[in-house]
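Visitor: I would like to learn how to read a few features of a model. Please take them one at a time.

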Amino acid sequence: MGGILKYGASGAPGRECGKADGIASHFIGESASNALRIREAQMSSGIVDPARLLAEMEPRLAPGFFVFIHLAPGHGLDLGLLDPLGTFREKEGLTLILSDDKARAHGLGEAMPMRQITLDVHSSLEAVGLTAAVSGELARNGIAANVVAAFHHDHIFVPAADAEKALRLLQELSAGSRRNETRMFS
């Protein structure tokens, strides 16, 4: 069943909830009000306050190397075999974030090796400022940052050669925030 579900406040028919209303379409047989409460709880979970996010974030360097690969529309590759860490569709094609080993094994060419730094703090998707603070700190130090915001955490992909320095800078940024020396937007 797709399209529009109609429920009233009590779960009786009446209120329209389209696919864009998220979870409501997944709870057929439950009232829309319950589904909407669950959606609101999911959207509001996580920390919103930027100072708290910086103070509580624990940057962690993930093992391994990653590459960003572009596939043109109609590429025909089985994404299940590639097992991408992340994907993003653009009008020019599909961007994949793959382990360097997986990309090489499938002959997907050479790309700049990246390392992944995960910010271990549950940031809300509605939070403002964390990406700016983190990418700003790295930019001030000449380090490229490719940020992926996921539901629970933000992940920063940096050139492999700069990974240790980037990790140290982000740890210092967090420590400074705990001491109230935040450099959020400077």
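Guide: Begin with contact, which here means heavy atoms within 4.5 Å. Keep in mind that this is a predicted model.

Visitor: With which residues is M57 in contact, leaving aside its neighbours within four places in sequence?

Guide: Its partners are L119, D120, V121, L130, V134, L170, L173, S174 and R178.

Visitor: How should I read a nonpolar core?

Guide: In soluble globular proteins, nonpolar side chains tend to be buried together. Here the largest nonpolar core has 21 residues. Those touching the most other members are M57, I117, L119, V134, L138, V158 and L170.

Visitor: Which elements give two or more residues to this core?

Guide: They are helix 2 (50-56), strand 7 (114-119), helix 5 (130-140), strand 9 (154-159) and helix 6 (163-178). With 6 residues, helix 6 gives the most. There is also a second, separate core of 9 residues, and L94, L98, A103 and L108 are among them.

Visitor: Strand 9 was on that list. To which strand is strand 9 joined by 4 bridges, and do the two run parallel or antiparallel?

Guide: Strand 8 (residues 146-149) is joined to strand 9 in that way, and the two run antiparallel. As one example of the pairing, A149 has D154 of strand 9 as its bridge partner.

Visitor: Next, backbone angles. What should I look for in phi?

Guide: Most residues other than glycine have a negative phi. D83 is not a glycine, yet its phi is positive, about 50 degrees. D83 sits in the loop between helix 3 (79-82) and strand 5 (86-90).

Visitor: Is D83 buried or exposed?

Guide: D83 is exposed, with a relative accessible area of 54%; the cut-off for exposed is over 50%.

Visitor: Last, how is a pocket found?

Guide: Rolling a probe the size of a water molecule over the atoms shows where empty space is left. In this model the largest pocket holds about 190 Å³ of space.

Visitor: Which residues line the largest pocket?

Guide: The lining consists of F68, L85, G86, T87, F88, T95, I97, Q116, V148, A150, H155 and F157. By class, 7 are nonpolar, 5 are polar and none is charged.

Visitor: Which strands each supply at least two residues of that lining?

Guide: Strand 5, strand 6 (93-99) and strand 9 do. The largest share, 3 residues, comes from strand 5.

Key:
Residues numbered from 1 in each chain as written. Predicted model: local features only at pLDDT ≥ 70, side-chain atom pairs only at ≥ 80, totals over all residues. Heavy atoms only, no water. Core = buried A, V, L, I, M, F, W, Y, C linked by side-chain atoms within 4.5 Å. Buried < 20%, exposed > 50% of the residue type's maximum accessible area, 1.4 Å probe, protein only. Pairing = 2+ DSSP bridges. 1 Å grid on protein atoms, 1.4 Å probe; cavity = no way out; pocket = protein on both sides within 12 Å on 5 of 7 lines; lining within 4 Å. Points joined across faces, edges and corners; volume = space filled by probe spheres on them. Nonpolar A, V, L, I, M, F, W, Y, C, P; charged D, E, K, R; others polar.
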